[in-house]
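Here is a short report on one protein chain. Keep the sequence and the 3D view open as you read.

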Amino acid sequence: PDNDGSTNAEEYAAGTDPNNPSDFLQITNIVTGGGQTEITWPARVGHTYSLFFSDDLGVWTLLQGSLTVAADEDLTGIDSDPLPPARSYRVEAVVTPAS
């Protein structure tokens, strides 16, 4: 309902507010140096995230999965592979079924 491009289900999985257009899951910083890339996004306690990369925007490969935080804070994933000419990243919130 807030027109931020995320569905209510996606916002629930990410722990963001579906009524706040500025609150949605997004990568906020990418820093490259020292042979690696650090990818950062705000994470919410109780939620799990996976980080993917693509060199062609067609095939997405899991870089790191089951990433969590102990408190609401920024979460950083690391890509230590040598970088090709262009690499894209995507972060997803993982929905864990209730037991």
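In which strand is Glu73 found? Glu73 is found in strand β5. A strand here is a DSSP run of E with at least two residues, and strands are numbered from the N terminus. The model is predicted, so local features need pLDDT of at least 70 and side-chain atom pairs count only at pLDDT 80 or more, while totals for chains, interfaces and linings use all residues. Residues are numbered from 1 along each chain as its sequence is written, and side-chain values use heavy atoms, with hydrogens and water left out.

**The open sheet**

Strand β5 belongs to an open sheet of three strands, in the order β1-β2-β5, with antiparallel pairing. Its edge strands are β1 (29-33) and β5 (73-79), and each pairs on one side only. Neighbouring strands in this sheet are turned by 20° against each other on average, direction ignored. That angle is taken between axes, which are lines fitted to C-alpha atoms; angles run from 0 to 180 degrees between N-to-C directions.

Two strands pair if DSSP finds at least two bridges between them. Strands of a sheet pair through backbone hydrogen bonds, either parallel or antiparallel. Strand β2 (residues 36-43) pairs with β5 over seven bridges, in the antiparallel sense. Ala43 stands opposite Glu73 in β5.

Is Glu73 buried, partly exposed or exposed? Glu73 counts as partly exposed, because its relative accessibility is 40%. Buried means under 20% relative accessible area, exposed means over 50%, and partly exposed lies in between (1.4 Å probe, protein chains only). Not counting residues up to four places away in sequence, Glu73 touches Trp41, Pro42 and Ala43. Contact means heavy atoms within 4.5 Å.

Now turn to β3. Seven of the seven residues of strand β3 (residues 48-54) are buried, so β3 is largely enclosed by the rest of the structure. In a regular strand the side chains alternate between the two faces of the sheet. Thr48, Ser50, Phe52 and Ser54 are buried on one side of β3, and Tyr49, Leu51 and Phe53 are buried on the other.

Strand β3 has pairing partners. Seven bridges join β3 to strand β6 (residues 88-94), and the two run antiparallel. Four bridges join β3 to strand β4 (residues 61-67), also in the antiparallel sense. Phe52 has a bridge partner in each: Arg90 in β6 and Leu62 in β4. Strands β3 and β4 form a hairpin with six residues between them. In the turn, Leu57 has a positive phi of about 60°.

Ser54 lies in strand β3. Ser54 is buried, with a relative accessible area of 1%. Leaving aside neighbours within four places in sequence, Ser54 is in contact with Val59, Trp60, Ala86, Arg87 and Ser88.

The side chain of Ser54 also has a polar atom by the backbone nitrogens of Asp56, at 3.2 Å, and Leu57, at 2.6 Å. A polar contact is a pair of N or O atoms within 3.5 Å; within protein, one must be able to donate a hydrogen and the other to accept it, and residues adjacent in sequence count only if both atoms are side-chain atoms.

A charge sits over a ring if NZ of Lys or CZ of Arg is within 6 Å of the ring centre and within 35 degrees of the ring normal.

| Charged residue | Ring | Distance to ring centre |
|---|---|---|
| Arg90 | Phe52 | 4.9 Å |
| Arg90 | Trp60 | 4.6 Å |

The C-alpha atoms of Glu73 and Arg90 are separated by 18 Å, and the two residues are 17 residues apart along the chain.
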